Amino acid sequence: MATRVPSVFAVAPSPPSSSSRQGHKLRSVTARVINHRNNRCSSSSSSQIRVSPASSLRFALASPSAAPSSPSPSSPRKRFLTFAAVSMAAAPPPTVLVTGAGGRTGQVVYKKLKERPDQFVARGLVRSEESKEKIGGADDIYVGDIRDASSIVPAIQGADFLIILTSAFPKIKAGFDPTKGGRPEYYYKEGAYPEQVDWLGQKNQIDAAKAAGVKQIVLVGSMGGTNLNHPLNSLGNGNILVWKRKAEQYLADSGIPYTIIRAGGLQDKEGGVRELIVGKDDELLQTPTRTITREDVAEVCIQALQFEESKYKALDLASKPEDSGTPTKDFKALFASVTTKF
């Protein structure tokens, strides 16, 4: 899991005596960590070395030459590790903003994050006060319009991660009678076409996240984007998959660590009981395994924030039937199996 590491102090070691060469190296690392807080880092040589608190901690913990294998209770290494452990334990969990938190999948992601207060601080962004009340009306739910870049800023400030679940939604034209057969006609509300929501709205979110220093963006899209003639594109003449794909490309080119999840057909069923399948370039659409539960999509979104293997990758996501395969539990391995960047 990506975790912010606070500035790390170490109790100054005892004056030099007949301590070992390893103890001497530890004191050097400790001094560099302390000096880092004053924006300077020095060593015994005339050259300067920039050492971040995180890298110093990793060196002290991982380097075989950094300290003796069996430190005494009063050794510099013992005091250093004790203080470092306390500092890390006191670090607040990362903040995750879920946009589209009022949607059917967005609500699941937001709820899952709220159930893990020791791991995450959850925030939601919805488009209306009505949507905010629908999911609890908590103070961590912001109201904003993703088509207005300035309205995103309050929600994104201070966030560590962003999960994008916003999407245009076609409506059925009035007068359709399902009892008479035939297919319904669809339309998008004025100002809420895919170009405005799935392209410009997502672009605004990506730009705002980049300006705010967000560490990773998880973007949920749909399979089918490689086919211009996909039926979803014809709904309301919105070309929704075309505009989603354009936003995905913009994210991949942004320089921000990203995970693009192109979900299959979404189901409102129990999650965590199926084997998940990843693919690329819509190849899963040619198989019987092309659906997935909203709960499983939500879990993959959250798991993507915890593994380096998920970064700079795009994947199609579906699942086997509940009575087939083994429920996926090893998400690190799942992300590691993905090789596609887009």
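**Exercise 1. Helix α7**

Which residues of α7 are buried? Then check the length of this helix and find what covers it.

*Solution.* A word before starting: this is a predicted model.

Step 1. Go along α7 and pick out the buried positions: Pro194, Val197, Asp198, Trp199, Gly201, Gln202, Asn204, Gln205, Ile206, Ala208 and Ala209.

Step 2. Now look at what lies over them. The cover includes the strands β1 (95-99), β4 (161-164) and β7 (216-222), together with the helices α6 (153-156) and α9 (240-252).

Step 3. See what comes next: α7 is followed by Gly213, which has a positive phi, near 80 degrees.

**Exercise 2. Around Ser254**

Find Ser254 and work out what its side chain reaches.

*Solution.* 

Step 1. Locate the residue in the loop between α9 and β8 (258-263).

Step 2. Decide whether it is buried or exposed. The cut-off for buried is under 20% relative accessible area. Ser254 has 11%, so it counts as buried.

Step 3. Follow the side chain. It reaches the backbone oxygen of Leu251 at 2.7 Å. A polar atom of the Ser254 side chain also lies 3.2 Å from the backbone nitrogen of Ile256.

Step 4. Look further off in sequence. Leaving aside neighbours within four places, Ser254 is in contact with Ile206 and Lys210. Ile206 is one of the buried residues of α7 from the previous exercise.

**Exercise 3. The nonpolar cores**

How many residues does the largest nonpolar core have, and which of them have the most contacts inside it?

*Solution.* 

Step 1. Start from the general picture: in soluble globular proteins, nonpolar side chains tend to be buried together.

Step 2. The largest core has 34 residues, and Val109, Leu113, Ile163 and Leu317 have the most contacts inside it. Helix α10 (residues 294-303) gives the most to this core, five residues.

Step 3. Zoom in on Ile163. Beyond its neighbours within four places in sequence, its contacts are Val96, Leu97, Val98, Thr99, Val109, Val218, Cys301 and Leu305.

Step 4. Find the other core. Apart from the largest one lies a core of 25 residues, among them Ala159, Ile217, Leu219 and Leu241.

**Exercise 4. The largest pocket**

Which residues lie nearest the centre of the largest pocket, and how many line it?

*Solution.* 

Step 1. Get the volume: about 1700 Å³ of space lies in this pocket.

Step 2. Look at the lining. It is made of 47 residues, and Leu165, Thr166, Ser167, Ala168 and Phe169 lie nearest the centre.

Step 3. Sort by element. Those giving two or more residues include β2 (121-126), α5 (129-134), α8 (231-234) and β9 (265-267). The largest share, four residues, comes from α4.

Notes:
Residues are numbered from 1 along each chain as its sequence is written. This is a predicted model: local features need pLDDT of at least 70, side-chain atom pairs count only at pLDDT 80 or more; totals for chains, interfaces and linings use all residues. Side-chain values use heavy atoms; hydrogens and water are left out. A nonpolar core is a set of buried Ala, Val, Leu, Ile, Met, Phe, Trp, Tyr and Cys residues joined through side-chain atoms within 4.5 Å. Buried means under 20% relative accessible area, exposed over 50%, partly exposed in between (1.4 Å probe, protein chains only). Contact means heavy atoms within 4.5 Å. A polar contact is a pair of N or O atoms within 3.5 Å; within protein, one must be able to donate a hydrogen and the other to accept it, and residues adjacent in sequence count only if both atoms are side-chain atoms. On a 1 Å grid over the protein atoms alone, a cavity is a set of points where a 1.4 Å probe fits but cannot get out, and a pocket is an open set with protein on both sides within 12 Å along at least five of seven lines; lining residues have an atom within 4 Å of a point. Grid points are joined across faces, edges and corners, and a volume is the space filled by probe spheres set on the points.
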